[in-house]
Amino acid sequence: VAPLTALLKTVEPDLPDGAVHTVPSLLDSDFRAWRLGTALFAMFGGLALLVAMVGLYSVVAFDGAQRTHEFGIRVALGAGGWNIVGLMLRQGLRYGAMGMVLGLGLVLVTGRLLAPQLFHTSPRDPVVLCAVGVLLLASMIAACVVPARSAAGADPRIALQAD
């Protein structure tokens, strides 16, 4: 901006200061509301993902705590720790998959309500839906690993003494 202003001052000396602006600076005020909306959507989406992860973690941890006796007996009968982790992960992913199917159904049904807020994309964009699915799958695995590992540490001696 400064070199252009200096050049214009040589041609038009009466040109006021601040008469030259860049296109991004002119468009900044127009896009400010869109950027704020995008930031809020991202923040609430991240918060929703966190709440979903905590909820899934809680359900899997509670289920693992309820089945500690069973896991201890399985370990006493020869099941390895990875068998227990796999069992808990499958169960947690089953819960998460049910939530994903319900969420996908809601997106497909109510997506037209959100369509005016989207810019150059559709609420049914397969690339976006696949990317969100991968993110949710990774989040589900992360939420299930900790309670699954603690369930795998069930002591068979305590489980057998309980009977």
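I'll start with helix α2. At 1.5 Å a residue, its 44 residues should span 64 Å, and the end C-alpha atoms are 62 Å apart, so the two values agree. Keep in mind that this is a predicted model.

There is also a bend to report: α2 has a kink of about 50°, centred on Asp 30.

Next, burial. Which residues of α2 are buried? They are Leu 56, Val 60, Asp 63 and Gly 64. The cover over these buried residues includes α3, residues 68-76, together with α4 and α5.

Now the largest pocket. About 1600 Å³ of space lies in it. The elements that give two or more residues to its lining are α2 (23-66), α4 (81-114) and α5. Which of them gives the most to the lining? That is α2, with 15 residues. The lining as a whole comes to 42 residues, and those nearest the pocket centre are Gly 45, Val 107, Val 128, Leu 129 and Val 132. By class, the lining of the largest pocket has 27 nonpolar residues, 13 polar and two charged.

Where does Ser 139 lie? It lies in helix α5, which covers residues 126-152. Is Ser 139 buried or exposed? Its relative accessible area is 9%, and the cut-off for buried is under 20%, so Ser 139 counts as buried. Leaving aside residues up to four places away in sequence, Ser 139 touches Leu 49 and Met 53.

Definitions and conventions:
Residues numbered from 1 in each chain as written. Predicted model: local features only at pLDDT ≥ 70, side-chain atom pairs only at ≥ 80, totals over all residues. Heavy atoms only, no water. Helix = DSSP H or I, 4+ residues; strand = E, 2+ residues; numbered from the N terminus. Buried < 20%, exposed > 50% of the residue type's maximum accessible area, 1.4 Å probe, protein only. Contact = heavy atoms within 4.5 Å. 1 Å grid on protein atoms, 1.4 Å probe; cavity = no way out; pocket = protein on both sides within 12 Å on 5 of 7 lines; lining within 4 Å. Points joined across faces, edges and corners; volume = space filled by probe spheres on them. Nonpolar A, V, L, I, M, F, W, Y, C, P; charged D, E, K, R; others polar. Expected span 1.5 Å × (residues − 1). Bend = angle between axes of the 7 residues up to and from the residue.
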